[in-house]
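Work through the exercises below with the sequence and the 3D structure open. Try each task before reading its solution.

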Amino acid sequence: MEKIEIRKIARYTKKADGTPYDGMRISIEDQTGRRLSYFDKYGKAKDWAEGMTIEVEVKKNGDYFNIEIPKRE
């Protein structure tokens, strides 16, 4: 688990070719300047905003960082 502060956030509902996503792709820049991605299919990140601190799992996938939200028990 890692706490990250959201410095910048962008939400995308369509792919570059205009095809809609089956959810929302979210791109975040954190306090260290890393760019992280999350695919929000169920609206779990709908309230995320700049300045918020969130607790998530960060997974490195090649050159990219992806966010996973831990399941609540």
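**Exercise 1.** Does Tyr 21 count as buried, partly exposed or exposed, and at what relative accessibility?

*Solution.* The model is a predicted one, in which local features need pLDDT of at least 70 and side-chain atom pairs count only at pLDDT 80 or more, while totals for chains, interfaces and linings use all residues. Residues are numbered from 1 along each chain as its sequence is written, and side-chain values use heavy atoms, with hydrogens and water left out.

Step 1. Recall the classes: buried means under 20% relative accessible area, exposed means over 50%, and partly exposed lies in between (1.4 Å probe, protein chains only).

Step 2. Tyr 21 has a relative accessibility of 23%, so Tyr 21 counts as partly exposed.

**Exercise 2.** Find the aromatic pairs and state the geometry of each.

*Solution.* Step 1. Apply the criterion: rings of Phe, Tyr and Trp (its six-membered ring) pair if their centres lie within 6.5 Å; planes under 30 degrees apart count as stacked, over 60 as edge-to-face and the rest as tilted. The structure holds two such pairs.

Step 1. Tyr 21 and Phe 39 have ring centres 5.8 Å apart and planes at 70°, an edge-to-face pair. Tyr 21 belongs to strand E2 (residues 20-30) and Phe 39 to strand E3, so this pair ties together parts that are 18 residues apart in sequence. Strands (E, at least two residues) and helices (H or I, at least four) are DSSP runs, numbered from the N terminus. Phe 39 is partly exposed because its relative accessibility is 38%.

Step 2. For Tyr 38 and Trp 48 the ring centres are 5.6 Å apart and the planes stand at 40°, so this pair is tilted. Tyr 38 lies in strand E3 and Trp 48 in the loop between E3 and E4, so the pair ties together parts that are ten residues apart in sequence. Both Tyr 38 and Trp 48 are buried.

**Exercise 3.** Which residues of the largest nonpolar core touch the most other members?

*Solution.* Step 1. Define the set: a nonpolar core consists of buried Ala, Val, Leu, Ile, Met, Phe, Trp, Tyr and Cys residues joined through side-chain atoms within 4.5 Å.

Step 1. The largest nonpolar core has 13 residues, and those touching the most other members are Ile 28, Trp 48, Ile 54, Val 56 and Ile 67. E1, E2, E3 and E4 each supply at least two residues of this core.

Step 2. Look at Trp 48. Not counting residues up to four places away in sequence, Trp 48 touches residues including Ile 6, Ile 9, Arg 11 and Ile 69. Contact here means heavy atoms within 4.5 Å.

**Exercise 4.** How many bridges join E4 to strand E5, and which residue stands opposite Phe 65?

*Solution.* Step 1. Two strands pair if DSSP finds at least two bridges between them. Five bridges join E4 to strand E5 (residues 64-68), and the two run antiparallel.

Step 1. Lys 60 stands opposite Phe 65 in E5. The charged end of Lys 60 sits over the ring of Phe 65, 4.8 Å from its centre. Arg 34 lies over the face of Phe 65 too, at 5.3 Å from the ring centre. The criterion is NZ of Lys or CZ of Arg within 6 Å of the ring centre and within 35 degrees of the ring normal.

Step 2. The hairpin of E4 and E5 has two residues between the strands, and Gly 62 takes a positive phi near 70° there.

**Exercise 5.** Where is Met 52 found, and which residues is Met 52 in contact with beyond its neighbours within four places in sequence?

*Solution.* Step 1. Met 52 is in the loop between strand E3 (35-40) and strand E4 (53-61).

Step 1. Leaving aside neighbours within four places in sequence, Met 52 is in contact with Ile 4, Glu 5, Ile 6 and Asp 47.

Step 2. Met 52 is partly exposed, with a relative accessible area of 30%.
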